[in-house]
Amino acid sequence: MTYEVKSLNEECGIFGIWGHPQAAQVTYFGLHSLQHRGQEGAGILVNNGGDLKRHRDVGLVSEVFKNPADLAKLEGNSAIGHVRYATAGEATIDNIQPFHFRFHDGHLGLAHNGNLTNAQTLRAELEDKGAIFSSTSDSEIIMHLIRHSRKSNFIDKVKEALNRVKGGFAYLLMAEGKLIAALDPNGFRPLSIGKMKNGAWVVSSETCAFEVVGAEWVQDVEPGQLVIIDDSGIEFDTYTTDTQLAICSMEYIYFARPDSTIHGVNVHTARKNMGRRLAQEFEHQADIVVGVPNSSLSAAMGFAEESGLPNEMGLIKNQYTQRTFIQPTQELREQGVRMKLSAVSGVVKDKRVVMIDDSIVRGTTSRRIVQLLREAGAKEVHVAIGSPELKYPCFYGIDIQSRRELISANHDVEEVRQIIGADSLTYLSKEGLIESVGLDTDAPNGGLCVAYFDGDYPTPLYDYEERYLQSLKEKTSFFRN
């Protein structure tokens, strides 16, 4: 049976700003920096003295705001923005954020990154109490919880609601007089605070956006922390002390931009360290190192430095191709890969190539890249992966929620090697991954969530427990050469 190309996808990116006369324009630039975190939709909501306005649509940031008038009409000195990749809910405009809620006593805006593990239970409970949802996204739930809270103070309502939702989440809430940021008790998703020269505060999923908008990093939002920004300044509070850092390891492996820093660790540096450790664990002879662009280039640098092998540009990515959609025939699927990636015969011909990639999900892409290298004349192709085997689904904000989608959940290393057609296959060890990232923490697994590799989830799975147990029984036969 043939499977379509499948890559890992993050749910979204969020950006917020308070205290800038051109808040929407700054947010636009911030969202451009976070475009890699979501390409299905984008939106910006502004606060102009308590009057909230929004523009959103499906597509890339540049497509959503291709008409200058759409950005110009968003006047205000504070804003929140969102880029989306759907992991929960359909890819329709109703699910494109930020959400805008109009109540009799005021308006609220919401942007969310992550996935709630008890969303189904909470949604049913809220609907039984009369709540009406306008989207199929789980992001709406937090707002209904806030409105149903009997606490007298708005911040206390927010805290109570945050203690009801479970899973991975980074929230931005825009109220009439304040901007609120909150992170889940495990810090699965990254979120950072920065400050611009004019005194404006910014909040972003990744620090790479700070450089673009001219902000300096102040601090990361900590697990269980609540950040309140208004005209008087910034306040750091907590809604729970039951916290344990378990940041998604795939942020360092694949998702985040290499120029971002997460909890004090530069992503490029972490990936280089992964490549170095991978070279130490690699046991085969080779002539050159070739990284799969773009997320594996840092690991390829580290591998080459450690092994002493030359790091060559044996694969070229076409930067101007759009996303590859499902194609109806095998021939068209193969052509779609060739449009995005090509092997350089003059570099790899008659060489024993170490192909460095960040992960193997279905194995489809790895198989085709190995084939490209062989067709370009590579004598041997040794695949080295800068992460452990992906064997278990994620329920905190990555669109892999079944073991049926993971080739390593159904095949051992030798079987995967045969399926992708490589001469050898080496994965980075879990210990190597943890040590390569090197977070300064005493938390389990070095402060990383590595559940995708060992099945040890740092939180209860709630609504996903039955689905997870069922996935353990599933068996899928992936294609072979």
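1. Gly 109 stands opposite Met 174 in β7. Strands β6 (residues 106-116) and β7 (residues 167-174) pair in the antiparallel sense over eight bridges; two strands count as paired if DSSP finds at least two bridges between them. Strands (E, at least two residues) and helices (H or I, at least four) are DSSP runs, numbered from the N terminus.

2. A word on the model: it is predicted, so local features need pLDDT of at least 70 and side-chain atom pairs count only at pLDDT 80 or more, while totals for chains, interfaces and linings use all residues. Residues are numbered from 1 along each chain as its sequence is written, and side-chain values use heavy atoms, with hydrogens and water left out.

3. Back to the sheet: β6 and β7 belong to an open, antiparallel sheet of six strands in the order β5-β6-β7-β8-β12-β13. Its edge strands, β5 (99-103) and β13 (233-238), each pair on one side only.

4. Now to Cys 12, where UniProt places the feature "active site" in an unreviewed entry; positions follow the numbering used here, feature names are shortened, and annotations may be inferred rather than shown by experiment. Cys 12 sits in strand β1 (residues 12-18). Is Cys 12 buried or exposed? Cys 12 is buried, at 0% relative accessible area (buried is under 20%, exposed over 50%, partly exposed in between; 1.4 Å probe, protein chains only).

5. Beyond residues up to four places away in sequence, Cys 12 touches several residues, including Arg 37, His 82, His 112 and Asn 113 (contact: heavy atoms within 4.5 Å).
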